Amino acid sequence: ELTESVWDMMVLIGLKNSSGALLISNAGMIESTFLLLVNLAIQLYFSYWCITAYLGSDSNPIGPETRDGLMYHRLTDGQDWKYIDPRLMLTSMNRICDGSEVNFLWDFADQMSGYISGDPRGDVIMYLAILIWTLNMSSEYCRTFKLWFACISVRRDEVGGGHARDFDDGRLIVDSLGLRHKIMLSLFVFLPRIAVCTFLLVGGALFLATTFAVGDLILNSCALEIIRNVDEIIYSALASAAVADVITTTTILDSNSERLKACQSWGFPWFARIAYIAVVVGSVSLRVSVTTDAVDLGYDDLCGQSLSWAHADNPVSGTPIFTDFGTGEIENNRADEIKCFHRAKYHMMHIRSGLEASDANLTALIQNTSSVCSDGNFQCSELSLEDFKALSDLPEAQALKNPKWCTDQNLAFKFIRQNCSAEGRVTGEMLQSMED
């Protein structure tokens with residue numbers, strides 16, 4: 001039986017029914033040829049793009065230039081002291097690699113981490129996607145060979161190009177094809193269709209083999225399925241009703257069924273099926289290994305080795321100076337003070353936004369709802385817009401000369417003292433040091 005495809009439309013061009021009329025009119029022939037050319041352009045262009053883009057030596061999804069860019073951002077902004085989270089003493093790269101900070105580097109790190117350590121691993125999903133794509137394309141080969149063998153084995157029409165018998169129920173059965181028609185179909189329909197299937201098979205497999213993001217693998221598999229079915233999509237959307245009616249009611253007489261038995265499911269005997277899968281998947285596995293190695297190296301560049309250090313520029317020489325805040329260094333340098341101070345600052349912002357509450361008196365002072373908070377009273381942390389701008393623009397040395405700009409420290413220190421002592425991480429000696 002013919003399927004609703006622009007390829008199968010071409011089989012009926014030039015054939016006549018029992019009354020001698022063309023099955024597909026001259027206008028239908030032009031339409032069918034045009035739709036086939038559109039289908040060829042789409043599928044061949046996609047195949048060409050995949051093969052040229054993903055077969056070359058520069059097709060590594062995380063090549064040297066990408067790795068260099070990731071490393072640059074890691075070592076500059078990622079480890080910069082300006083971007084640490086002082087509440088936790090974690091650099092930006094620490095937070096990116098553990099998933100608590102979201103930006104473009106996190107997206108790379110998350111995708112590579114999912115590929116390397118996901119359950120299942122990304123390369124396993126990649127092999128499954130390639131295997132499914134290989135099996136899908138085998139069905140295209142089978143359909144092509146079955147129709148080709150049927151056209152070749154049908155009785156030769158010695159007079160015309162071909163003939164289709166009419167039946168009372170509206171069915172048409174092609175019972176003969178001319179030699180010239182068989183040759184033309186072989187050269188301009190079936191051989192090009194096999195070539196397109198081969199290009200799609202190779203291009204699609206390479207496309208999947210260079211996709212390391214697991215989510216993108218699923219999306220790309222769906223996209224490949226659309227490209228594979230473009231011939232049917234074009235037929236459904238653009239074929240005229242007259243041509244569609246002929247396609248759906250016409251079959252080709254199976255005059256040599258024994259000849260077609262080998263193609264009932266795949267078009268090849270069982271040992272050829274195994275060889276087909278082994279050759280395709282085995283060949284593409286070379287590209288999969290390149291992708292896997294690239295992801296391993298890229299993730300190591302981004303999140304490997306030490307992340308518990310930071311740098312800043314020396315104010316005199318401009319060269320980087322470094323500090324280490326691993327577990328031992330934090331304890332030795334009493335970094336708990338820094339962490340608890342900045343957690344208290346963060347907590348004050350939460351209270352001011354109304355996201356959480358603390359001591360009723362402190363909450364009222366922070367939210368500017370206390371009776372002692374009024375315009376011109378600097379006992380509260382909230383200032384008028386004019387004073388706020390004046391203080392934020394004031395150099396530190398000048399701010400220290402005017403006592404009114406420091407009166408809010410009483411509230412701030414009281415809040416910090418309460419929070420830090422409640423955590424049990426800061427001793428009285430530390431609090432006295434902070435107060436001094």
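Which two residues form a disulfide, and how far apart are their sulfur atoms? To find out, select C97 and C303, which form a disulfide with sulfur atoms 1.9 Å apart; a disulfide here is a pair of cysteine sulfur atoms within 2.5 Å, and by this rule the count comes to one. The model is predicted, so that local features need pLDDT of at least 70 and side-chain atom pairs count only at pLDDT 80 or more, while totals for chains, interfaces and linings use all residues. Residues are numbered from 1 along each chain as its sequence is written, and side-chain values use heavy atoms, with hydrogens and water left out.

Stay with this link and look along the S-S bond, where the angle of -90° makes the link of C97 and C303 left-handed. Because C97 lies in helix α4 (residues 92-97) and C303 in helix α12 (residues 270-303), the pair ties together parts that are 206 residues apart in sequence; helices are DSSP runs of H or I with at least four residues, numbered from the N terminus.

Next, show the surface around each cysteine. C97 is partly exposed at 22% relative accessibility, whereas C303 is buried at 13%, where buried means under 20% relative accessible area, exposed over 50%, and partly exposed in between, with a 1.4 Å probe and protein chains only. Then select C151, which is buried at 2%, and C222, which is partly exposed at 45%.

Finally, move to M184, which sits in helix α7 (residues 179-209) and is partly exposed, with a relative accessible area of 43%.

Methods. Helix = DSSP H or I, 4+ residues; strand = E, 2+ residues; numbered from the N terminus.
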